[in-house]
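Please look over the sequence and the structure before reading on.

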Amino acid sequence: MLEAESLTKRFGAVVAVSDASFAIRPGAITGFLGPNGAGKSTMLRLFLGLVHPTSGSALIDGRPIHEWPAPSRKVGAVLDTQCVHPSRRAIDSVRWAAWLAGVPTSQAETLLDRVGLGAVAGQRTGKFSVGMRQRLALAIALVGDPEIVVLDEPMNGLDPEGIAWLKDLLRRFRDQGRTVLISSHLLAELEDLVDDLVVIARGEIIGSGSATAFIDRFQPQTISVLSDKPQPLGAAVIEAGGEVIETQGQRMEISGLTSIQLGEIARDAGIVLLGLTEERSLKKAFSEATAKMTDL
Ligand SMILES: Nc1ncnc2c1ncn2[C@@H]1O[C@H](COP(=O)(O)OP(=O)(O)OP(=O)(O)O)[C@@H](O)[C@H]1O
Ligand SMILES: [Mg+2]
């Protein structure tokens, strides 16, 4: 389990992480979400021991990373895809990383196959595309066969096929009982991947826990409805205990009612519903949550 306890990191006057406390469930995929500059990379670096906390602690199974005898077996990370020497062959970069981690170098080929780079194992990495670099960095992160995989914005530069492939790989890690922590601001892409979320804005944790609970808290389901008589429908919705969030011409956004309740209300009032869409998205929940933060 990864745990932040009252974790603070200052860089001079900048507070990158401010009194953060949360825990990441083992065997789940957790999305670490936040806008640019929110403190995501700093937080991941704190867990990996690459920056030291100003106060508080970042613990992996109860201890800071440097107290684990074989850290690369505990955690594998992709923080930066420029981590290899451009004139080195892909296979040698992976072997080098394995050697540094003190694990057998014989798995290098298998690892490159696993990330879809088997065919280019002998090529120098200088001309690798962004997506190929992401894959190579992932192979390097896996050299110690780690229990926990930490990825900082790994979808950057991946095409849709690459993203689908990565998600599939991460789901397989989870199914093997591994813990995955993935940071991103590509919210829509995390939506069908993560079990849990930790949301950070301006260094502060604004929510953590199950992704569904987060969405419910910040964005209860809304219904967008198109009707022939919006005014009387709005009145009937309010009477039934619902809320009209917005009306634009024939379209209304409603919350507090299910679509079935709304259909019944319309039927009883003799109003025709021309269209109805249920809206529930991580993206909306996230912008709602960060907007609330800014208001504070
Ligand atoms: N080594 C450093 N020295 C000084 N300031 C830093 C350092 N690292 C991060 N910061 C500052 O800390 C804050 C958080 O940065 P961080 O990189 O953790 O955010 P992020 O959420 O990863 O952003 P992004 O989405 O852009 O990657 C920013 O204001 C940044 O400028
Ligand atoms: Mg970052």
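The residues of the shell around ligand 1 divide into 5 nonpolar, 6 polar and 2 charged; Ala, Val, Leu, Ile, Met, Phe, Trp, Tyr, Cys and Pro count as nonpolar, Asp, Glu, Lys and Arg as charged, and the others, Gly among them, as polar. This is a predicted model, in which local features need pLDDT of at least 70, side-chain atom pairs count only at pLDDT 80 or more, and totals for chains, interfaces and linings use all residues. Residues are numbered from 1 along each chain as its sequence is written, chains are lettered from A and ligands numbered from 1 in the order in which they are written, and side-chain values use heavy atoms, with hydrogens and water left out.

**Ligand 1**

- Around ligand 1 there are 13 residues, and Gly37, Gly39, Lys40, Ser41 and Thr42 come nearest; a residue is near a molecule if one of its heavy atoms lies within 4 Å of it.
- α1 (40-47) and β2 (14-24) each supply at least two residues of this shell, helices (H or I, at least four residues) and strands (E, at least two) being DSSP runs numbered from the N terminus.
- The largest share of the shell, 3 residues, comes from α1.
- Polar contacts here are pairs of N or O atoms within 3.5 Å.
- An N or O atom in the side chain of Ser41 is 2.8 Å from an oxygen atom of ligand 1.
- A polar side-chain atom of Asn36 lies 3.0 Å from an oxygen atom of the ligand, and a polar backbone atom of Ala38 is 3.1 Å from an oxygen atom of the ligand.
- Of the 630 Å² of accessible area that ligand 1 has on its own, the protein covers 58% (Shrake-Rupley method, 1.4 Å probe).

**Domains**

- An automatic or database domain assignment gives domain 1 (2-210) and domain 2 (220-279).
- The centres of the two domains, taken over C-alpha atoms, are separated by 44 Å.

**Largest pocket**

- A pocket is an open set of points on a 1 Å grid over the protein atoms alone, with protein on both sides within 12 Å along at least five of seven lines; lining residues have an atom within 4 Å of a point.
- The largest pocket holds about 630 Å³ of space, a volume being the space filled by probe spheres set on the points, which are joined across faces, edges and corners.
- Its lining has 28 residues, of which Ala77, Ala97, Ile140, Ala141 and Val143 lie nearest the centre.
- By class, the lining has 20 nonpolar, 5 polar and 3 charged residues.
- α3 gives the most to this lining, with 5 residues.

**Cavity**

- The structure holds 1 cavity of 30 Å³ or more; in a cavity, a 1.4 Å probe fits but cannot get out.
- The largest cavity has a volume of about 50 Å³, and its lining includes Val78, Arg135 and Trp165.
- α5 supplies the largest share of the cavity lining, 3 residues.

Notes:
Polar contact = N/O pair within 3.5 Å; in protein donor to acceptor, adjacent residues only side chain to side chain.
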